[in-house]
Amino acid sequence: MALRQRWAAVGDTLVVDRVCRGSGEALSVLVGRHQAAVCGYLSTCLMDHATVERATEETFRRVLEAAEREDALAINRIRLLATARTVAVQTWNADPGAGAATPEFLEWIAAGGAWPLATPAALYDAYRCLPVRWQVALWHIAVEEDDPALIGDVLGVSSARVRSLGHKARHSLRDFYLAAYERAVIDRPACLSYAREQVVLASRAPGTTMTEHPPNCRPCARVERNLSDIDAGLRRQLPGMLLGWWNDGRYRQMKALALRDGDPRPVARRIRDT
Ligand SMILES: [Zn+2]
């Protein structure tokens, strides 16, 4: 039976636990689930293919070392990509003259590695209130638009359950989002009643409104826009807020290319042997 099928729906937490106990096969499984993403992300930072491959291995190594050091099993895609970004910056720092960084990444570094903190990101604030498991689910579903079978494996559920998990997570996010908005507009009766209507409407058909208020009010119209397509809003806000550096189009393209590269076992072996 193929590696992936043998470990289907064994969640990342359990896989990392096995890795920490020395299982080489578990490490191959972990690498197989995430190497295309890590490699794709690093390709948005660094030019040279061999450098990207080395940085990919270094990323896994560091995250696993941290997991062992902290005695924590919380390895997830976001943490891997954040570590990849640090590895990319350090790789470039170690040899800036070699032209190893992509021009856009270089621009980002030159600007001080700016985080888009000034952007209004109310969806992000609500997202941060969710349990980590739901944050990870929404990251894979909304931002990365990964294959449900892969998301199921990562979370340790069947692909059929991924949909309902995403639904629950979005519902909860919507509650946090509206609760924060209600607090923000407590002194504006029309906006407050609009926000409360949205809470009621959450249990009815999506996108329906009871008042004419939003078209005349910019903040409420923004709420309407964010809630009408939560996944699109998360795709807009999360990567920049969580990772700082993000090149959406290039990342998707390079991840799709890396997915074709297949066998995780040689990479896992090199990670283990170094
Ligand atoms: Zn309003």
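A search of the whole predicted structure finds 18 salt bridges, a salt bridge being a side-chain nitrogen of Lys or Arg within 4 Å of a carboxyl oxygen of Asp or Glu. The model is predicted, so local features need pLDDT of at least 70 and side-chain atom pairs count only at pLDDT 80 or more, while totals for chains, interfaces and linings use all residues. Residues are numbered from 1 along each chain as its sequence is written, and side-chain values use heavy atoms, with hydrogens and water left out.

One of these salt bridges brings together the side chains of Arg270 and Glu57, at 2.7 Å from N to O. This pair links distant parts of the chain, with Arg270 in helix H15 (residues 265–273) and Glu57 in helix H4 (residues 49–70), 213 residues apart. Helices here are DSSP runs of H or I with at least four residues, numbered from the N terminus. Arg270 is partly exposed, with a relative accessible area of 37%, whereas Glu57 counts as buried at 10% relative accessibility. For these labels, buried means under 20% relative accessible area, exposed means over 50%, and partly exposed lies in between (1.4 Å probe, protein chains only).

A salt bridge also joins Asp146 and Arg77, whose closest N and O atoms are 3.2 Å apart. Here too distant parts of the chain are linked: Asp146 sits in the loop between H8 and H9, Arg77 in helix H5 (residues 77–94), and 69 residues separate them. Both Asp146 and Arg77 are buried. Arg252 is partly exposed at a relative accessible area of 24%, and Asp248 is partly exposed at 29%. Through shared partners, salt bridges join Arg77, Glu144, Asp146 and Lys255 into one network.

Turning to the aromatic rings, pairs were counted when the ring centres of Phe, Tyr and Trp (its six-membered ring) lie within 6.5 Å; planes under 30 degrees apart count as stacked, over 60 as edge-to-face and the rest as tilted. By this rule the count comes to seven aromatic pairs. Tyr41 and Tyr251 form one that is edge-to-face, with 6.3 Å from centre to centre and 75° between the planes. Because Tyr41 lies in helix H3 (residues 24–43) and Tyr251 in helix H14 (residues 248–259), the pair ties together parts that are 210 residues apart in sequence. Tyr41 and Tyr251 are both buried. The ring centres of Phe105 and Trp245 are 5.3 Å apart and their planes stand at 65°, so this pair is edge-to-face. Phe105 belongs to helix H6 (residues 103–110) and Trp245 to the loop between helix H13 (230–243) and H14, 140 residues apart. Both Phe105 and Trp245 are buried. Ring pairs also link Tyr41, Trp139, Trp246 and Tyr251 into a cluster.

A nonpolar core is a set of buried Ala, Val, Leu, Ile, Met, Phe, Trp, Tyr and Cys residues joined through side-chain atoms within 4.5 Å. The largest such core has 74 residues, of which Tyr41, Tyr127, Trp139, Leu173 and Leu234 touch the most other members. Helix H3 supplies the largest share of this core, 11 residues. At least three residues of the core come from each of domain 1 (1–114 + 245–274) and domain 2 (116–243), the bounds being taken from an automatic or database domain assignment. Beyond its neighbours within four places in sequence, Leu173 is in contact (heavy atoms within 4.5 Å) with Leu123, Ala126, Tyr127, Leu130, Leu138, Ile230 and Leu234. A second, separate core of 10 residues includes Val136, Ile151, Leu155 and Leu165.

Some local backbone details complete the picture. Ala9 has a positive phi of about 60° although it is not a glycine; Ala9 lies in the loop between H1 and helix H2 (12–20) and is partly exposed, with a relative accessible area of 35%. Glu145, also not a glycine, has a positive phi near 50°. Glu145 is found in the loop between helix H8 (132–143) and helix H9 (148–155), where it is partly exposed at 47% relative accessible area.

Conventions:
Helices (H or I, at least four residues) and strands (E, at least two) are DSSP runs, numbered from the N terminus.
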